Amino acid sequence: MNDTPHQPVLYKEIIHALQPRRGGRYVDGTVGAGGHARGILEACAPDGQLLGLDVDPQALALARETLAPYEQRIHLAQASYTTLSAQLKNLQWDLVDGIVLDLGASSMQFDTPERGFSFQNDAPLDMRFGPHALQTAADIVNTFDERELADLIYEYGEDRDSRKIARAIVNKRPLHTTRELVAVIEAVSPRKGDRVHPATKTFQALRIAVNDELASIKTVLPQAVASLNVGGRLAVISFHSLEDRIVKDFFRDQSKDLVNPPYEQLYEVERQAIIKEVHRKPITPSEEETKNNPRARSAKLRIAEKI
Ligand SMILES: C[S@@+](CC[C@H](N)C(=O)[O-])C[C@H]1O[C@@H](n2cnc3c(N)ncnc32)[C@H](O)[C@@H]1O
């Protein structure tokens, strides 16, 4: 979650994880401003290639600028990483040597007030990563019934005040701007000491719902693993526990043989493990990185290798 003006989150760690080599083929499924992509392209020079995907046309414009020096070796597409297999087919790439997914919103998106991601600015309740999203945050807060809203804020925001907040939203709507939504939340869920702002979790929940983020991660992981050469690596950076749990569970599941039935001594292996986890625990940013970029604080990197 971060690009300009800082280095992207866990930059060195991503390059180290993917070990890009000359002539290799790589995918950045969340190319953003192109920070990780640039590092990969440097490391696989002179002839390694990279496919960069993003749903956000503004992000792609930035990536195109950042990556201009490598123009001959990049392919950029405005597309969701959930279409990874189809994108590779378009390029006639069979398998690739490394894939990175740096999930969530970018600094550019957070810091562009009119995108509506930040509760610190007043803006329309939008929160779409790209035009492909079927609904805005305003559509959700103004059309979901109270119970659906409460469930969404509880499930995706893990906010225990979800019922109170949902009731207040329904009483005050229609709501059109981030400031209106923040005021509604603050009225029922006041700031407690210097803990996180009470709107943080509702904003996270709406963003996840608007962009169907959790379902997208579940869709891309099997495609990513299926697209890797043996020895190729998938590196995923997540920023909250809901994302990380999906990645962790998938990696654990796919790195075990599936035996049937599992309790007999003479068992059949129904499905062989297809990846191994490179580290058992996720990699987190150094103290120095979080000092320079507080947004990196919650980042977790998991790496899997195709076997
Ligand atoms: C944290 S930023 C990536 C920053 C990037 N690693 C860099 O070095 O600049 C995440 C990016 O993923 C994009 N994104 C979110 N969901 C996506 C999806 N389903 N498919 C493709 N890109 C997506 C966002 O638009 C955003 O630009």
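## Asp-126 and its loop

Asp-126 sits in the loop between H5 and H6, and in this predicted model its relative accessibility of 17% makes Asp-126 a buried residue. The side chain of Asp-126 meets that of Arg-128 in a polar contact of 2.8 Å.

What else does Asp-126 touch, not counting residues up to four places away in sequence? The list is Arg-115, Gly-116, Thr-136, Ala-137 and Val-210. One of these, Val-210, is also among the buried residues of H10, a helix we will come back to below.

## Aromatic rings

Let us stay with the loop between H5 and H6 for a moment. The structure has 4 aromatic pairs. Phe-117 and Phe-129 make up one of them, a stacked pair with 5.6 Å from centre to centre and 25 degrees between the planes. Both residues lie in the loop between helix H5 (107-110) and helix H6 (137-143), so their pairing ties together parts that are 12 residues apart in sequence. Phe-117 is buried, at a relative accessible area of 4%, and Phe-129 is buried too, at 10% relative accessibility.

Another pair is formed by Phe-250 and Phe-251, and this one is tilted: the centres are 6.3 Å apart and the planes make an angle of 55 degrees. Both Phe-250 and Phe-251 are buried.

H11 supplies the largest share, with 3 residues.

In H2, the buried residues are Gly-35, His-36, Ala-37, Gly-39, Ile-40 and Leu-41. These buried residues pack against helix H1 (11-18) and against a series of strands: S1 (25-28), S2, S3 (74-78), S4 (96-102) and S5 (228-238).

H10 is mostly covered, with 8 of its 11 residues buried. The buried ones are Thr-202, Phe-203, Ala-205, Leu-206, Arg-207, Ile-208, Ala-209 and Val-210. After H10 comes Asp-212, which has a positive phi, near 50 degrees.

## Ala-77 in strand S3

Strand S3, one of the elements that the buried residues of H2 pack against, contains Ala-77. Is Ala-77 buried or exposed? Its relative accessible area is 19%, and buried means under 20%, so Ala-77 counts as buried.

Leaving out residues up to four places away in sequence, Ala-77 touches Gly-52, Leu-53, Asp-54, Leu-60 and Gln-87. Ala-77 and Val-31 are 46 residues apart along the chain, and their C-alpha atoms are separated by 9.7 Å.

## Ala-226 in helix H11

H11 runs over residues 213-226, and Ala-226 belongs to it. Here the picture is an open one: Ala-226 is exposed, at 52% relative accessibility.

Which residues is Ala-226 in contact with, leaving aside its neighbours within four places in sequence? They are Leu-95 and Lys-306. The C-alpha atoms of Ala-226 and Val-96 are 9.6 Å apart, while 130 residues separate the two along the chain.

## Arg-302 in strand S9

Our last stop is strand S9 (residues 300-306), where Arg-302 is found. Arg-302 is a buried residue, with a relative accessibility of 7%. Its side chain is joined to that of Asp-244 by a polar contact of 2.7 Å.

Not counting residues up to four places away in sequence, Arg-302 touches Leu-234, Ala-235, Val-236, Asp-244, Val-247, Lys-248, Phe-251, Arg-252, Glu-277, Arg-280 and Pro-282. Among them, Phe-251 is the partner of Phe-250 in the tilted ring pair.

Conventions
Residues numbered from 1 in each chain as written. Predicted model: local features only at pLDDT ≥ 70, side-chain atom pairs only at ≥ 80, totals over all residues. Heavy atoms only, no water. Phe/Tyr/Trp six-rings, centres within 6.5 Å; stacked < 30°, edge-to-face > 60°. Helix = DSSP H or I, 4+ residues; strand = E, 2+ residues; numbered from the N terminus. Buried < 20%, exposed > 50% of the residue type's maximum accessible area, 1.4 Å probe, protein only. Contact = heavy atoms within 4.5 Å. Polar contact = N/O pair within 3.5 Å; in protein donor to acceptor, adjacent residues only side chain to side chain.
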